[in-house]
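Please look at the model below before reading on.

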Number of protein chains: 6
Amino acid sequence: MYTVSVRGHMMIAHSFRGELFGPAQRLHGATYVVDVEFSRPDLGDEGVVVDIGRASQAVTSVLHELDFKNLDEDPDFSGKNTTTEFLAKVVFDRVLLRIRSGEVGPGSEKLAGMKVTLHESHIASASYAAAIERS
Amino acid sequence: MYTVSVRGHMMIAHSFRGELFGPAQRLHGATYVVDVEFSRPDLGDEGVVVDIGRASQAVTSVLHELDFKNLDEDPDFSGKNTTTEFLAKVVFDRVLLRIRSGEVGPGSEKLAGMKVTLHESHIASASYAAAIERS
Amino acid sequence: MYTVSVRGHMMIAHSFRGELFGPAQRLHGATYVVDVEFSRPDLGDEGVVVDIGRASQAVTSVLHELDFKNLDEDPDFSGKNTTTEFLAKVVFDRVLLRIRSGEVGPGSEKLAGMKVTLHESHIASASYAAAIERS
Amino acid sequence: MYTVSVRGHMMIAHSFRGELFGPAQRLHGATYVVDVEFSRPDLGDEGVVVDIGRASQAVTSVLHELDFKNLDEDPDFSGKNTTTEFLAKVVFDRVLLRIRSGEVGPGSEKLAGMKVTLHESHIASASYAAAIERS
Amino acid sequence: MYTVSVRGHMMIAHSFRGELFGPAQRLHGATYVVDVEFSRPDLGDEGVVVDIGRASQAVTSVLHELDFKNLDEDPDFSGKNTTTEFLAKVVFDRVLLRIRSGEVGPGSEKLAGMKVTLHESHIASASYAAAIERS
Amino acid sequence: MYTVSVRGHMMIAHSFRGELFGPAQRLHGATYVVDVEFSRPDLGDEGVVVDIGRASQAVTSVLHELDFKNLDEDPDFSGKNTTTEFLAKVVFDRVLLRIRSGEVGPGSEKLAGMKVTLHESHIASASYAAAIERS
């Protein structure tokens with residue numbers, strides 16, 4: 001399996017509900033350094049997994065929707081804790097939508113899987129990985 | 001699959017037996033920067049893979065048992081080479097015991113797998129990964 | 001000159017005032033990975049720049065005051081933009097207060113300088129460095 | 001599954017053919033920081049996945065073949081785009097040849113898989129991973 | 001002294017002249033991950049060392065001039081070895097020109113110094129640092 | 001000022017004397033990832049601070065003397081705590097000896113300073129830096 005990975009980041013505010021979260025129940029924030037890995041069993045004619053330029057643009061566009069925001073006020077996340085693992089899947093789903101809409105260009109229809117990792121500090125990260133089902 | 005990862009470290013002395021090891025047959029030491037990844041197919045109500053606070057405490061407690069020690073004198077490792085890959089499994093097994101004893105709290109019974117990586121320098125690391133069987 | 005460096009982190013929310021800041025005028029947040037470097041021209045009897053345990057506790061205590069907070073609501077920063085460079089000096093000043101109060105223990109009175117670096121992402125950081133004047 | 005990983009690097013020149021590549025169609029270059037992971041389901045008598053010294057030599061020898069070269073002039077890659085993902089498989093195949101020739105020593109015949117990752121910058125990488133079939 | 005740092009990168013081909021360079025006399029290439037640090041003794045009204053957006057644009061614009069090029073064919077470097085340390089000064093000088101032309105905006109006239117570091121691999125880097133003289 | 005930096009590592013065992021050190025009074029160990037920075041105000045004819053190949057060999061040779069050893073048994077350190085900051089100066093002094101003996105080759109007599117940093121984990125490091133006096 002071939003994989004290519006691109007990195008971006010976003011800086012958001014949020015708070016969590018539940019005693020589990022201790023002081024993170026207060027409004028605070030995070031920088032998420034985000035790695036998106038695209039996997040495919042073989043390479044296309046040009047020798048690439050995917051057009052990395054268009055894939056990067058798709059990732060940037062997804063992160064831009066969340067960047068510099070207070071996620072507590074985003075209706076998409078109403079009633080949800082926007083934990084690192086939760087946000088990994090949000091990024092996964094939104095990049096996948098762009099792949100399916102054709103935004104990522106030729107070859108992206110052959111992608112077999114994706115993994116999104118959010119690094120929240122030098123000691124903690126979370127990820128969501130899944131196969132990409134044929135739509 | 002969702003994964004969360006926490007990082008700790010330990011600083012130990014040890015020596016290896018076997019010509020294979022060359023100068024590492026002498027008593028020497030290592031800092032191991034340790035990443036423990038916890039995986040689970042879906043998130044609980046709070047939106048988390050596991051209570052990261054309690055998971056971190058479990059990891060810290062396991063590393064504390066080994067930290068600042070000469071592993072050559074630890075009866076648990078008698079007759080064993082405490083290589084990086086061997087120690088990755090030691091950490092895996094000991095964190096798993098804590099999960100099974102309930103120390104890591106609600107949700108941890110749904111963990112599907114774990115991966116432990118020990119970075120021994122900027123150029124070398126080793127890991128042990130396995131599914132968590134229902135006990 | 002000898003230097004020892006310890007690392008911690010904090011996760012805060014804040015917003016900035018001024019067109020200069022573009023979208024960062026909105027409430028957002030950041031993880032700051034914080035390195036505090038302590039410098040001294042020679043080593044004490046034990047062969048250390050400073051009691052690293054006590055120095056780490058001082059740093060942790062300073063970061064704890066800011067961690068998991070919305071800095072916009074902290075009266076200490078009223079009317080200020082809590083930029084990365086501004087916060088580097090806040091951490092510097094608060095660690096210095098702890099050094100001067102004796103919290104960092106014997107040897108810390110011989111410290112010649114300190115540098116505080118806040119990494120806000122994989123591509124940006126800011127620092128504040130100064131000599132420590134004899135009080 | 002146990003895994004050990006070793007790191008090396010190479011510095012090459014090359015160019016790509018295809019509009020997809022934009023300015024990378026010009027002759028340019030890259031440092032590839034290369035991680036090779038060797039996996040095996042259990043450890044040998046010495047407690048190791050593989051003789052890490054010999055495995056490192058095999059990786060170094062493979063990277064040496066490519067290092068400080070203009071890959072556009074290497075007949076092995078004639079008519080190919082030497083993209084990061086393509087080169088990950090080249091390194092994989094060449095390390096595998098050395099394993100199969102016995103160069104990596106006892107135990108290497110039990111390796112179950114390998115993953116080769118090439119980091120081309122702080123924001124991009126590519127990898128190739130596969131099971132090692134019994135020859 | 002306050003410092004802010006921004007990171008970019010460039011991917012170039014080149015060769016060196018002189019026996020000193022061994023195999024690097026051949027045409028090869030490098031990824032340079034580039035950190036540019038801007039220093040200033042005090043902060044402006046907005047609480048910043050410099051408008052980081054405009055400073056980043058200046059750095060990006062400088063790196064863009066060199067990115068995806070064969071430096072052996074750049075008349076600016078005719079008869080020169082474009083070593084890592086040499087290129088650190090090239091980037092320094094070109095960013096400084098942009099500061100002096102007013103491109104980096106208000107506050108940049110108060111910058112006291114700059115340091116440019118080029119990381120060429122996980123084990124080697126070079127930098128050029130100097131005070132900024134009043135023009 | 002121009003600076004070039006090379007990285008190596010060593011893996012040692014040792015123990016410390018003094019209550020200050022808590023559990024580090026026991027025999028334990030560390031991996032030190034070592035950066036040696038060489039500084040010089042201008043570049044030589046070849047465009048380099050120093051022959052990086054020979055400088056790297058000098059660093060490797062110094063680290064080799066300490067690597068895979070129990071420093072408690074090294075007569076050079078009798079009665080000393082081999083703390084990270086202490087060892088930074090040991091490496092500094094030994095590299096300087098090699099510079100003065102001519103081992104690092106032409107140009108090294110023009111070096112103006114050196115800084116040695118030992119990273120002992122992902123959260124702690126120490127360094128020693130000094131001007132190089134003309135001998």
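**The model**

This is a predicted model in which local features need pLDDT of at least 70 and side-chain atom pairs count only at pLDDT 80 or more, while totals for chains, interfaces and linings use all residues. Residues are numbered from 1 along each chain as its sequence is written, and chains are lettered from A in the order in which they are written.

**Two helices in chain D**

Helix α1 (residues 52-66) and helix α2 (residues 84-100) of chain D have axes that come within 9 Å and cross at roughly 130°. Helices are DSSP runs of H or I with at least four residues; axes are lines fitted to C-alpha atoms over the stretch in contact, with angles from 0 to 180 degrees between N-to-C directions. α1(D) and α2(D) are therefore oblique to each other (under 35 degrees is roughly parallel, over 145 roughly antiparallel, 65 to 115 roughly perpendicular, and the rest oblique).

Contact means heavy atoms within 4.5 Å. On the α1(D) side the residues include D:Ala58, D:Val62 and D:Leu66, and on the α2(D) side they include D:Val91, D:Arg94 and D:Val95. By class, this contact has eight nonpolar, one polar and three charged residues (Ala, Val, Leu, Ile, Met, Phe, Trp, Tyr, Cys and Pro are nonpolar, Asp, Glu, Lys and Arg charged, and the others, Gly among them, polar).

**Arrangement of the chains**

Chain F is superposed on chain E by a rotation of 120° with 0.0 Å of shift along its axis, at RMSD 0.0 Å. The two copies are thus related as by a three-fold rotation axis. Superposition is by least squares on the C-alpha atoms of residues with pLDDT of at least 70 in both copies.

Chains A and E share no contact, and their closest C-alpha atoms lie 12 Å apart.

Conventions:
Heavy atoms only, no water.
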